[in-house]
Amino acid sequence: MQKQISNLDKLTLSNDFLFKHVMLRKRICKHILEELLHTEIADITYLEAEQTIDVYPDSHGIRLDVRIADTANTHYNLEMQVKNPVNRATGKFLLPKRTRYYQAMLDTDMLQKGQDYDELSPTYIIFFCLFDFFQDSQRIYTFKKRCLENMNIELADEAVIMFLNTLGTKGDVSPDIQSLFDYINSNTINSNFTREVADTIVEIKNDKKVRDAYMTYEMRMKDLRDEAHAEGLAEGKAQGLAEGKAKEKTATAKRLLSMGLSVEDIAKATSLSVEQVEAIKAE
(Lines give C-alpha, C1' and ligand atoms only; values in the text may rest on other atoms or scores of the structure.)
Protein backbone atom coordinates (compact mmCIF):
# COMPACT_ATOMS: atom_id res chain seq x y z
CA MET A 1 0.00 0.00 0.00
CA GLN A 2 2.78 2.43 0.91
CA LYS A 3 4.53 1.74 -2.39
CA GLN A 4 1.37 2.54 -4.35
CA ILE A 5 0.95 5.84 -2.52
CA SER A 6 4.60 6.64 -3.12
CA ASN A 7 4.14 5.94 -6.82
CA LEU A 8 1.23 8.38 -6.93
CA ASP A 9 3.42 11.07 -5.37
CA LYS A 10 5.97 10.59 -8.15
CA LEU A 11 3.49 10.86 -11.03
CA THR A 12 3.80 13.71 -13.52
CA LEU A 13 1.28 15.14 -15.97
CA SER A 14 2.43 12.68 -18.65
CA ASN A 15 0.91 9.83 -16.64
CA ASP A 16 -2.52 8.74 -17.91
CA PHE A 17 -4.11 8.59 -14.47
CA LEU A 18 -2.95 12.03 -13.41
CA PHE A 19 -3.63 13.55 -16.84
CA LYS A 20 -7.27 12.44 -16.63
CA HIS A 21 -7.76 13.98 -13.21
CA VAL A 22 -6.13 17.26 -14.21
CA MET A 23 -8.33 17.43 -17.31
CA LEU A 24 -11.35 16.92 -15.07
CA ARG A 25 -10.66 20.42 -13.74
CA LYS A 26 -12.96 22.36 -16.03
CA ARG A 27 -11.07 25.67 -15.93
CA ILE A 28 -7.80 24.04 -17.02
CA CYS A 29 -9.30 21.79 -19.69
CA LYS A 30 -11.44 24.58 -21.15
CA HIS A 31 -8.47 26.93 -21.32
CA ILE A 32 -6.34 24.34 -23.15
CA LEU A 33 -9.07 23.81 -25.76
CA GLU A 34 -9.53 27.56 -26.26
CA GLU A 35 -5.79 28.12 -26.67
CA LEU A 36 -5.40 25.20 -29.10
CA LEU A 37 -8.39 26.05 -31.28
CA HIS A 38 -8.15 29.85 -30.98
CA THR A 39 -11.80 30.17 -30.03
CA GLU A 40 -13.91 31.00 -27.00
CA ILE A 41 -15.88 28.18 -25.43
CA ALA A 42 -18.80 29.11 -23.22
CA ASP A 43 -18.76 25.91 -21.18
CA ILE A 44 -17.81 22.24 -21.33
CA THR A 45 -19.48 19.08 -20.06
CA TYR A 46 -17.79 15.78 -19.24
CA LEU A 47 -19.37 12.83 -21.00
CA GLU A 48 -18.20 10.16 -18.55
CA ALA A 49 -18.54 9.91 -14.81
CA GLU A 50 -15.36 10.19 -12.77
CA GLN A 51 -15.62 6.61 -11.54
CA THR A 52 -15.64 5.40 -15.14
CA ILE A 53 -12.43 7.29 -15.84
CA ASP A 54 -10.63 6.09 -12.71
CA VAL A 55 -10.26 2.45 -13.77
CA TYR A 56 -10.38 2.24 -17.52
CA PRO A 57 -8.82 -0.89 -19.11
CA ASP A 58 -11.08 -2.92 -21.42
CA SER A 59 -10.69 -5.88 -23.72
CA HIS A 60 -8.55 -3.93 -26.18
CA GLY A 61 -6.52 -2.12 -23.55
CA ILE A 62 -8.03 1.08 -24.96
CA ARG A 63 -10.52 3.47 -23.43
CA LEU A 64 -11.04 7.10 -24.31
CA ASP A 65 -9.13 9.15 -21.74
CA VAL A 66 -11.22 12.32 -21.44
CA ARG A 67 -14.42 12.97 -23.38
CA ILE A 68 -15.93 16.42 -23.43
CA ALA A 69 -18.70 18.34 -25.19
CA ASP A 70 -19.02 22.12 -25.35
CA THR A 71 -22.13 24.27 -25.53
CA ALA A 72 -21.96 24.22 -29.36
CA ASN A 73 -22.17 20.38 -29.17
CA THR A 74 -18.64 19.88 -30.43
CA HIS A 75 -17.14 16.74 -28.91
CA TYR A 76 -13.52 16.39 -27.81
CA ASN A 77 -11.38 13.42 -26.86
CA LEU A 78 -8.07 14.23 -25.14
CA GLU A 79 -5.36 11.58 -24.87
CA MET A 80 -1.88 11.47 -23.37
CA GLN A 81 0.53 9.37 -25.44
CA VAL A 82 3.94 8.83 -23.84
CA LYS A 83 5.23 6.04 -26.07
CA ASN A 84 4.98 5.38 -29.80
CA PRO A 85 3.42 1.88 -29.83
CA VAL A 86 4.45 -0.67 -32.46
CA ASN A 87 2.84 -3.95 -33.46
CA ARG A 88 5.53 -6.50 -32.64
CA ALA A 89 4.30 -8.92 -35.27
CA THR A 90 4.18 -6.47 -38.19
CA GLY A 91 6.53 -3.68 -37.08
CA LYS A 92 3.87 -1.10 -37.98
CA PHE A 93 3.13 1.90 -35.79
CA LEU A 94 -0.28 1.70 -34.12
CA LEU A 95 -1.10 5.37 -33.55
CA PRO A 96 -2.68 6.21 -36.96
CA LYS A 97 -5.20 3.36 -36.82
CA ARG A 98 -5.77 3.97 -33.13
CA THR A 99 -7.13 7.41 -34.05
CA ARG A 100 -9.44 5.71 -36.55
CA TYR A 101 -10.71 3.42 -33.78
CA TYR A 102 -11.23 6.32 -31.38
CA GLN A 103 -13.19 8.22 -34.02
CA ALA A 104 -15.41 5.18 -34.52
CA MET A 105 -15.98 4.99 -30.76
CA LEU A 106 -17.04 8.62 -30.60
CA ASP A 107 -19.40 8.31 -33.57
CA THR A 108 -20.87 5.02 -32.43
CA ASP A 109 -21.62 6.44 -29.00
CA MET A 110 -23.44 9.38 -30.52
CA LEU A 111 -25.47 7.19 -32.89
CA GLN A 112 -26.42 4.86 -30.04
CA LYS A 113 -27.96 7.86 -28.31
CA GLY A 114 -30.41 8.26 -31.20
CA GLN A 115 -28.71 10.71 -33.55
CA ASP A 116 -28.97 10.33 -37.32
CA TYR A 117 -25.84 10.46 -39.48
CA ASP A 118 -26.38 14.09 -40.39
CA GLU A 119 -26.70 14.96 -36.70
CA LEU A 120 -23.25 13.66 -35.77
CA SER A 121 -21.45 16.33 -33.81
CA PRO A 122 -18.13 17.87 -34.88
CA THR A 123 -15.29 16.00 -33.19
CA TYR A 124 -11.71 16.68 -32.21
CA ILE A 125 -9.39 13.84 -31.22
CA ILE A 126 -6.34 15.41 -29.57
CA PHE A 127 -3.20 13.45 -28.70
CA PHE A 128 -0.53 14.96 -26.46
CA CYS A 129 2.58 13.13 -27.72
CA LEU A 130 5.95 13.12 -25.98
CA PHE A 131 7.57 12.20 -29.29
CA ASP A 132 7.48 13.50 -32.86
CA PHE A 133 5.52 10.82 -34.70
CA PHE A 134 5.83 12.49 -38.12
CA GLN A 135 9.40 13.68 -37.58
CA ASP A 136 8.80 17.13 -39.06
CA SER A 137 9.29 19.12 -35.82
CA GLN A 138 5.80 20.65 -36.03
CA ARG A 139 4.31 21.59 -32.67
CA ILE A 140 0.86 20.63 -33.93
CA TYR A 141 -0.14 18.28 -36.75
CA THR A 142 -3.80 18.77 -37.74
CA PHE A 143 -5.57 16.32 -40.02
CA LYS A 144 -8.79 16.65 -41.99
CA LYS A 145 -9.93 14.57 -44.95
CA ARG A 146 -9.14 16.07 -48.37
CA CYS A 147 -9.46 15.00 -51.99
CA LEU A 148 -6.16 13.68 -53.35
CA GLU A 149 -6.96 14.95 -56.83
CA ASN A 150 -7.64 18.46 -55.56
CA MET A 151 -6.35 19.24 -52.07
CA ASN A 152 -8.52 22.36 -51.93
CA ILE A 153 -11.58 20.12 -51.65
CA GLU A 154 -12.27 19.11 -48.07
CA LEU A 155 -14.63 16.33 -47.05
CA ALA A 156 -16.80 18.25 -44.59
CA ASP A 157 -17.35 15.41 -42.13
CA GLU A 158 -16.32 17.75 -39.27
CA ALA A 159 -13.88 15.20 -37.85
CA VAL A 160 -10.47 16.59 -36.86
CA ILE A 161 -7.44 14.77 -35.47
CA MET A 162 -4.64 16.72 -33.82
CA PHE A 163 -1.25 15.42 -32.71
CA LEU A 164 0.43 17.79 -30.27
CA ASN A 165 4.19 17.27 -30.40
CA THR A 166 5.53 18.56 -27.07
CA LEU A 167 9.05 18.47 -28.53
CA GLY A 168 8.15 20.51 -31.62
CA THR A 169 9.94 23.66 -32.76
CA LYS A 170 7.94 24.62 -35.87
CA GLY A 171 4.60 26.38 -36.07
CA ASP A 172 2.98 28.86 -33.75
CA VAL A 173 1.22 28.00 -30.51
CA SER A 174 0.08 30.31 -27.74
CA PRO A 175 2.48 31.04 -24.86
CA ASP A 176 0.31 28.99 -22.49
CA ILE A 177 0.36 25.94 -24.79
CA GLN A 178 4.14 26.19 -25.16
CA SER A 179 4.51 26.49 -21.40
CA LEU A 180 2.29 23.41 -21.03
CA PHE A 181 4.56 21.51 -23.45
CA ASP A 182 7.58 22.57 -21.39
CA TYR A 183 5.88 21.44 -18.22
CA ILE A 184 4.96 18.04 -19.70
CA ASN A 185 8.52 17.55 -20.95
CA SER A 186 10.47 18.62 -17.89
CA ASN A 187 8.11 19.79 -15.12
CA THR A 188 9.33 23.33 -15.80
CA ILE A 189 6.97 26.02 -14.47
CA ASN A 190 7.38 29.14 -16.57
CA SER A 191 3.90 30.69 -16.68
CA ASN A 192 0.93 31.43 -14.47
CA PHE A 193 -0.94 28.69 -16.29
CA THR A 194 1.60 25.97 -15.56
CA ARG A 195 1.76 27.20 -11.96
CA GLU A 196 -1.99 26.61 -11.81
CA VAL A 197 -1.54 23.14 -13.32
CA ALA A 198 1.24 22.30 -10.84
CA ASP A 199 -0.82 23.50 -7.88
CA THR A 200 -3.76 21.46 -9.13
CA ILE A 201 -1.59 18.36 -9.29
CA VAL A 202 -0.53 18.83 -5.67
CA GLU A 203 -4.17 19.22 -4.69
CA ILE A 204 -5.15 16.08 -6.62
CA LYS A 205 -2.39 14.00 -5.04
CA ASN A 206 -3.57 15.06 -1.58
CA ASP A 207 -7.18 14.11 -2.32
CA LYS A 208 -8.05 10.92 -0.41
CA LYS A 209 -10.61 9.90 -3.03
CA VAL A 210 -8.00 10.14 -5.76
CA ARG A 211 -5.44 8.23 -3.70
CA ASP A 212 -7.96 5.44 -3.11
CA ALA A 213 -8.82 5.43 -6.82
CA TYR A 214 -5.14 5.19 -7.71
CA MET A 215 -4.69 2.17 -5.45
CA THR A 216 -7.62 0.47 -7.21
CA TYR A 217 -6.16 1.46 -10.56
CA GLU A 218 -2.71 0.09 -9.68
CA MET A 219 -4.15 -3.21 -8.44
CA ARG A 220 -6.15 -3.55 -11.64
CA MET A 221 -3.06 -2.81 -13.70
CA LYS A 222 -1.11 -5.42 -11.75
CA ASP A 223 -3.84 -8.00 -12.34
CA LEU A 224 -3.76 -7.27 -16.07
CA ARG A 225 0.04 -7.51 -16.17
CA ASP A 226 -0.05 -10.80 -14.27
CA GLU A 227 -2.71 -12.17 -16.63
CA ALA A 228 -0.69 -11.11 -19.66
CA HIS A 229 2.46 -12.65 -18.19
CA ALA A 230 0.65 -15.93 -17.49
CA GLU A 231 -0.78 -16.00 -21.01
CA GLY A 232 2.68 -15.29 -22.42
CA LEU A 233 4.20 -18.15 -20.41
CA ALA A 234 1.45 -20.50 -21.55
CA GLU A 235 1.89 -19.48 -25.18
CA GLY A 236 5.67 -19.82 -24.87
CA LYS A 237 5.33 -23.27 -23.33
CA ALA A 238 2.92 -24.39 -26.04
CA GLN A 239 5.20 -22.98 -28.73
CA GLY A 240 8.20 -24.70 -27.15
CA LEU A 241 6.39 -28.02 -27.07
CA ALA A 242 5.34 -27.63 -30.70
CA GLU A 243 8.89 -26.73 -31.74
CA GLY A 244 10.23 -29.71 -29.78
CA LYS A 245 7.84 -32.10 -31.48
CA ALA A 246 8.72 -30.65 -34.88
CA LYS A 247 12.44 -31.16 -34.23
CA GLU A 248 11.79 -34.70 -33.05
CA LYS A 249 9.84 -35.48 -36.23
CA THR A 250 12.60 -34.03 -38.38
CA ALA A 251 15.26 -36.09 -36.57
CA THR A 252 13.16 -39.24 -37.00
CA ALA A 253 12.64 -38.55 -40.68
CA LYS A 254 16.38 -38.11 -41.18
CA ARG A 255 17.09 -41.43 -39.48
CA LEU A 256 14.51 -43.22 -41.57
CA LEU A 257 15.88 -41.64 -44.74
CA SER A 258 19.33 -42.89 -43.84
CA MET A 259 17.81 -46.38 -43.52
CA GLY A 260 16.50 -46.15 -47.08
CA LEU A 261 12.76 -45.90 -46.40
CA SER A 262 10.60 -44.23 -49.02
CA VAL A 263 9.41 -40.66 -48.64
CA GLU A 264 5.81 -41.86 -48.51
CA ASP A 265 6.45 -44.35 -45.73
CA ILE A 266 8.38 -41.79 -43.70
CA ALA A 267 5.54 -39.29 -44.10
CA LYS A 268 3.10 -41.86 -42.70
CA ALA A 269 5.44 -42.80 -39.84
CA THR A 270 6.12 -39.23 -38.72
CA SER A 271 2.80 -37.50 -39.62
CA LEU A 272 4.81 -35.12 -41.80
CA SER A 273 3.61 -34.27 -45.28
CA VAL A 274 5.32 -35.76 -48.30
CA GLU A 275 6.50 -32.26 -49.21
CA GLN A 276 8.07 -31.77 -45.76
CA VAL A 277 9.91 -35.09 -45.98
CA GLU A 278 11.16 -34.25 -49.46
CA ALA A 279 12.44 -30.93 -48.14
CA ILE A 280 14.31 -32.73 -45.36
CA LYS A 281 15.72 -35.16 -47.90
CA ALA A 282 16.88 -32.25 -50.08
CA GLU A 283 18.89 -30.83 -47.18
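What percentage of the 283 residues of the protein chain count as buried? The share is 39%, where buried means under 20% relative accessible area, exposed over 50% and partly exposed in between (1.4 Å probe, protein chains only). This is a predicted model, in which local features need pLDDT of at least 70 and side-chain atom pairs count only at pLDDT 80 or more, while totals for chains, interfaces and linings use all residues. Residues are numbered from 1 along each chain as its sequence is written, and side-chain values use heavy atoms, with hydrogens and water left out.

**Figure 1. Overall view of the protein chain.** The chain has 10 helices and 6 strands; these are DSSP runs numbered from the N terminus (helices H or I, at least four residues; strands E, at least two). Residues 24 or more positions apart account for 58% of the contacts with a separation of 6 or more, a contact being heavy atoms within 4.5 Å.

Figure 2. Asparagine 187, with a positive phi near 60 degrees, follows the helix.

**Figure 3. Asparagine 185 in helix 6.** Asparagine 185 lies in helix 6 and is partly exposed, with a relative accessible area of 34%. Leaving aside neighbours within four places in sequence, asparagine 185 is in contact with Leu130, Thr166 and Leu167. Leucine 130 is 55 residues from asparagine 185 in sequence, yet the two are 7.2 Å apart in space, C-alpha to C-alpha.

**Figure 4. Packing of helix 3 and helix 7.** The two helices pack at an angle of about 145 degrees, with axes 11 Å apart; axes are lines fitted to C-alpha atoms over the stretch in contact, and angles run from 0 to 180 degrees between N-to-C directions. Helix 3 contributes Arg27, Ile28, His31 and Ile32 to the contact, and helix 7 contributes Phe193, Glu196, Val197 and Thr200.

**Figure 5. Nonpolar cores.** A nonpolar core is a set of buried Ala, Val, Leu, Ile, Met, Phe, Trp, Tyr and Cys residues joined through side-chain atoms within 4.5 Å. Of the 41 residues in the largest core, Leu13, Val22, Met23, Ile32, Leu78 and Phe128 touch the most other members. Helix 3 gives the most to this core, with 6 residues. Another core, of 11 residues, lies apart from it and includes Tyr102, Leu106, Ile125 and Phe163.
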